[in-house]
Amino acid sequence: MRIRQHVNPLGVHFEKFRGAKPRFVAGRPIEVEIGCADAQFLFERAVVDPDRTYVGLEIREDLVDLVNHKARKISAPVHAVFCQAQLHMPEIFGATVVDRVFVNFPDPWFKKKHHARRMVDATLVEGIAGIVRPSGEVFVQSDVWDIALDAMFVLESSGHFVNVAGEWSFWREGNPYGVRSWREQNAEETGLPIWRIMFRRS
Ligand SMILES: C[S@@+](CC[C@H](N)C(=O)[O-])C[C@H]1O[C@@H](n2cnc3c(N)ncnc32)[C@H](O)[C@@H]1O
C-alpha cells in the first residue's frame with residue numbers, strides 16, 4: 001500500500017472528526033502517542049507492559065488502518081485513531097484521563113515557512129493538559145533543534161506542567177521507557193542528536 005509522506009494538517013478535510021473512538025476500560029492505565037505513524041513505539045510498549053491501553057493519534061488515515069489491522073492480528077492493546085490531534089483530543093477522550101502522552105519526532109514541518117503546520121503548539125498543549133492525570137507524564141523528543149525548543153516553549157509557558165529536568169532544561173537521561181519509535185531508532189542508528197523534554201502535569 002502506498003502511504004502519503006505528509007499531509008497538511010491545516011486542510012479543511014481534517015476539521016471534522018471522522019475517526020473511531022477507542023473503548024476505554026475503567027481503571028486500566030492509558031498511554032497516548034501523538035503522531036504515532038506505524039506505532040512501533042506503542043507496539044513495543046505493549047510488549048513491555050501488556051496491561052495498559054495504547055492509543056496512537058495519527059492524521060494519515062492509511063497508517064491508522066495498518067496499525068489497527070496489525071493490532072487485531074497480534075491481539076495487541078494498541079488502537080490508532082484517525083484525527084487531527086490539535087482539534088480532536090477532547091472529542092476522542094471526553095472525561096477519560098491518561099497516564100502518559102508521548103510526542104515522538106512530531107513533524108516533517110521544520111522549515112520557517114511551514115511554521116503554522118507544526119504539531120506542538122499552544123492548542124495541542126491545551127489538549128494534552130485536558131487529558132493527562134495530575135503528575136502524569138508528557139515526553140517529547142525530536143532530532144530538530146527548532147522543533148524541540150518550540151515544544152519546550154509552549155509546554156513551559158502553558159502553566160499546566162512542571163519541567164522534570166528544571167525550568168527551560170532538556171531531559172538528559174535518555175528515553176526511560178525501554179522502547180524506541182521508528183524515527184528514534186533511525187536517528188540513533190545514524191548518529192543524529194536527540195533533544196528530549198519530560199514534563200509532569202501539575
Ligand atoms: C515524523 S513522524 C514520526 C512518527 C513516530 N512518532 C516516530 O517517532 O517514528 C510524525 C507523525 O505525526 C503525524 N502528524 C503530524 N501532524 C499531525 C496532527 N496534527 N495530528 C495527528 N498526527 C499528526 C504525521 O502524519 C506523522 O506520522
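Colleague: What should I know before I start?

Modeller: This is a predicted model, where local features need pLDDT of at least 70 and side-chain atom pairs count only at pLDDT 80 or more, while totals for chains, interfaces and linings use all residues. Residues are numbered from 1 along each chain as its sequence is written.

Colleague: In what order do the strands form the sheet?

Modeller: Strands (E, at least two residues) and helices (H or I, at least four) are DSSP runs numbered from the N terminus. Two strands pair if DSSP finds at least two bridges between them. Here 7 strands make an open sheet with mixed pairing, in the order S3-S2-S1-S4-S5-S7-S6.

Colleague: Why is one side of S3 and of S6 left without a neighbour in the sheet?

Modeller: Strands S3 (78–82) and S6 (161–163) are at the edges and each has a single partner strand, so one side of each has no neighbour in the sheet. From one strand to the next, the twist averages 20 degrees; angles run from 0 to 180 degrees between N-to-C directions, with axes as lines fitted to C-alpha atoms, for helices over the stretch in contact.

Colleague: How is S4 joined to S1 and S5?

Modeller: Strand S4 (residues 98–104) runs parallel to S5 (residues 132–142), with 6 bridges between them. Strand S1 (residues 30–34) is also parallel to S4, through 3 bridges. Arg-100 in S4 has Glu-31 opposite it, and Arg-100 also stands opposite Glu-137 in S5. Asn-104 faces Gln-141 in S5.

Colleague: Which strands does helix H4 touch?

Modeller: Contact means that C-beta atoms, placed from the backbone, lie within 7 Å. Helix H4 (residues 122–131) packs on the sheet against S4, S5 and S7 (195–201), its direction making about 140 degrees with that of S5.

Colleague: Which residues come nearest to the ligand?

Modeller: A residue is near a molecule if its C-beta atom, placed from the backbone, lies within 6 Å of it. Of the 20 residues around the ligand, the nearest are Gly-35, Ala-37, Ala-85, Ser-181 and Arg-183. S2, H3 (85–93) and H6 (182–189) are the elements giving two or more residues to this shell. H6 provides the largest share, 3 residues.

Methods:
Contact = placed C-beta atoms within 7 Å.
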